[in-house]
Amino acid sequence: MLKEFMYTTEQNNEDLEDKNIQSSTTPQILKDNNTSEHEETKENVFSETEETKPQMENNCPPRGTLNKIITNGVFLSLIWCVTWSISGRDSLPGGNLFGLLIIFYCAIIGGKLVELIRIPSVPQLPPLLGMLLAGFTIRNVPFLSKHVHISNTWSSTLRNIALTVILIRAGLGLDPKALKHLKGVCLRLSMGPCLMEACSAAVISHFLMNFPWQWGFLLGFVLGAVSPAVVVPSMLVLQDNGYGIEKGIPTLLIAASSLDDILAITGFNTCFSIVFSTGDILRNIIASFWDVIIGVMVGIVLGIFVQYFPSRDQTNIPLKRAFLVLSMCVSAVLGSHHLGKHAAGGLCTLVLTFIGGISWSKEKIRVQEIISSVWDIFQPLLFGLVGQEVSVASLKSNAIGVSVATVCLALLVRISFTFSLMSFAGFNFKEKIFIALSWMPKATVQAVLGPLALERARISAPHLEPYSKDVMTIAFLAILITAPNGALVIGLLGPKLLTRHDPKEITVELTRLELH
């Protein structure tokens, strides 16, 4: 009995302990549940505050586009302050530096505004159109034209430097392998349409605008050049998407655009020397060819020099080469103008850059990138200054109509002749139409060459100023008409008229051909 009683009491004690344990754990569980719920709500509130915190930080200080606008505005103000502290009154309204800053920034804004114009299924317009219109607006708005003045010497020097940068890019852009592979078609495309448009523009302007023959050919070579600033970017887009790459159409047009500019600039310099020189025409032509020979010889010597200097064991070789080439070419172009040998400087630049670039191999791309950065500075200045030269008040009543007719008729002859030249090059009907129409945009060379005759006439031959103003007006209208239309034609007709192939497959086939 005693044992049974002890057993039952122990069992009851164990039951009581179990109940106590259960009763003690129950509030703990409840407590844990409440704690976890509280922590979850706390984490949710914390995460919400973390999500709202960056949104509050984005508003102050400003970021994105607003921050960029404020930063560029501060840069503009500081540049003007530094310029004013150095030059004084020249940086105030009416001074040369003030005018340059206004034209430069207005041209950049005009280019950005044109880039913002986005029309579905329509290619983007070239920014140079906005830069040109910005300069035109500054000249023809009375309040702006009253305070923005740039001397002819400054304007001429800047345009010649811009011409030098264009020629450097053309010389470095010549690919010896592509020229060797497409030499026959490339020479025909670069020389034939340019010479035909120059001759047709000379005839049309002689009978339609009463131009003397030498002025007609000078105008013809101004109009004869195609613009790489419009053609090259458009062709690179088509090439990246695989259009026309089987027959090398984008490569052909890119290579021929540089040669086309070289021919037009050389022809213009020859006619320029004849127009503004006195004496026998035959003697002037012989002197121009002598200038060409001098330019080529000096270019060969300097091109061989830049092949070996700086040497490959130095640091920052691309930067040093770009600076060396740029300084040599600017000195050659400006020096030749001071010496009266206008054709020599341009040819020296082209030969120098072409020969020097042959031995630079992969480093040539880096030099081209540096020169492109220099062009980004001079492009707004160039087109802004060209637009600023055109005054609506000084135009004759029938000048615009006659000028547009001259440009359009010469352009029609160019397109027709280009189509005929491509008939024996292995292209089908659609490809010939595309090449002929894409070979019409004009911009950079016209912007450089158009005002040169006007500047020279103001200095040394005031009686020739009416002809030079007409040349300037026609160059302006040619850019305004052909640059946007050319970009639209290339972007719209390229995918419709050219055959598309996979760029990777075409590249593989070309590498196999090169290996064999």
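This report describes selected features of a predicted model.

## Basis of the model

Residues are numbered from 1 along each chain as its sequence is written. In this predicted model, local features need pLDDT of at least 70 and side-chain atom pairs count only at pLDDT 80 or more, while totals for chains, interfaces and linings use all residues, and side-chain values use heavy atoms, leaving out hydrogens and water.

Helices are DSSP runs of H or I with at least four residues, numbered from the N terminus. Helix α8 covers residues 183–208, and its 26 residues should span 38 Å at 1.5 Å a residue; the expected span is 1.5 Å times one less than the number of residues. The end C-alpha atoms of α8 are 37 Å apart, which agrees.

Just after α8 comes N210, in the loop between α8 and α9 (213–223). N210 has a positive phi of about 60 degrees although it is not a glycine. Most residues other than glycine have a negative phi. N210 is exposed because its relative accessible area is 58%; exposed means over 50%, buried under 20%, and partly exposed in between, with a 1.4 Å probe and protein chains only.

## The nonpolar core

A nonpolar core is a set of buried Ala, Val, Leu, Ile, Met, Phe, Trp, Tyr and Cys residues joined through side-chain atoms within 4.5 Å. The largest one has 116 residues, of which W215, L218, L253, F276, L382, F383 and F434 touch the most other members. Helix α11 (residues 249–275) gives the most to this core, with 13 residues.

Contact means heavy atoms within 4.5 Å. Leaving aside neighbours within four places in sequence, L253 is in contact with L189, V231, M235, F434, I435, S438 and W439.

## Residue L437

L437 belongs to helix α17 (residues 429–437) and counts as partly exposed because its relative accessibility is 25%. Beyond its neighbours within four places in sequence, L437 is in contact with I415, V489 and L493. L437 and F419 are 18 residues apart in sequence, and their C-alpha atoms are 8.6 Å apart in space.

F305 lies in helix α12 (residues 281–308) and, at 35% relative accessibility, counts as partly exposed.

The loop between α12 and α13 (317–339) contains P310. The peptide bond from F309 to P310 is cis, with omega near 0 degrees, whereas most peptide bonds are trans. N316 is found in the loop between α12 and α13; N316 has a positive phi of about 55 degrees although it is not a glycine. N316 is exposed, with a relative accessible area of 53%.

Key:
Helix = DSSP H or I, 4+ residues; strand = E, 2+ residues; numbered from the N terminus.
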